[in-house]
Amino acid sequence: MAVSDEGYQHIEHGFEPVFDERSRVLVLGSFPSVLSRANAFYYGNPQNRFWRVIAACLGVSVPPNEGDLLAGSEPATLDASIAAKRSMLLNGGVALWDVIGSCDIKGSSDASIRNVVPAHIERIAGNAPIEQVVCNGGTAGRLYKRYLQERTGLPAVVLPSTSPANAAWRLERLVGRWREAVDWGAR
């Protein structure tokens, strides 16, 4: 990771997509935040509402974050948190990745993204029966349309971001919008 002018860093995505042969809904973010990159997994900021929204849409319990107390009063490890989140996605037929494979970025700011190299979307699209593409926020939606839509042949549903920066959307409103826009049906 090289530091360039004006505080930008060139960063590679750094971790794998989540999908399997049962994945029918592909959720795409833009690029991992600083916390997600540190954890080497998606939506690592506990204030991000992604895991709560997806759990509500799938009708399952919210997977623990690192440090959350588990049933035996033991705190969840990072590995246990990631395993629970991965399991929830796969059991729900949901694939997860980001539009960007690498870029120049300042911190976690989507607004600062430049020099985009798109993700190799064929890794998922060629190996899973994806029926719907969902973009988590406007930046992911714009970048998907620009770089990936032609390669998948699927239009995307662009939904309000689950980021804590999107304060205009309370959790209940986000869940309602995400539920109505996507066929989360039993997989």
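Visitor: Where is the kink in helix α5 centred?

Guide: This is a predicted model. In it, helix α5, residues 138–152, has a kink of about 55° centred on K145. Just after the helix, G153 takes a positive phi of about 75°.

Visitor: Which residues of α5 are buried?

Guide: A residue counts as buried when its relative accessible area is under 20%. In α5 these are T139, A140, G141, L143, Y144, L148 and T152. The buried residues of α5 pack against several elements, including β3, β5, β7 and helix α4.

Visitor: How many residues does the largest nonpolar core have?

Guide: That core has 52 residues, and V27, W51 and L96 are among those with the most contacts inside it. Helix α2 gives the largest share, seven residues.

Visitor: How should I read a salt bridge?

Guide: Side chains of opposite charge can pair when their charged atoms come close. The count here is six salt bridges. One of them joins E16 and R123, with the closest N and O atoms 2.3 Å apart. E16 lies in the loop between β2 and β3 and R123 in helix α4, 107 residues apart.

Visitor: Which residue forms a salt bridge with E122?

Guide: R151 does, with the closest N and O atoms 2.9 Å apart. E122 is in helix α4 and R151 in helix α5, so the pair ties together parts that are 29 residues apart in sequence. E122 is partly exposed, with a relative accessible area of 29%.

Conventions: Residues are numbered from 1 along each chain as its sequence is written. This is a predicted model: local features need pLDDT of at least 70, side-chain atom pairs count only at pLDDT 80 or more; totals for chains, interfaces and linings use all residues. Side-chain values use heavy atoms; hydrogens and water are left out. The bend at a residue is the angle between axes fitted to the seven residues ending there and the seven starting there. Helices (H or I, at least four residues) and strands (E, at least two) are DSSP runs, numbered from the N terminus. Buried means under 20% relative accessible area, exposed over 50%, partly exposed in between (1.4 Å probe, protein chains only). Contact means heavy atoms within 4.5 Å. A nonpolar core is a set of buried Ala, Val, Leu, Ile, Met, Phe, Trp, Tyr and Cys residues joined through side-chain atoms within 4.5 Å. A salt bridge is a side-chain nitrogen of Lys or Arg within 4 Å of a carboxyl oxygen of Asp or Glu.
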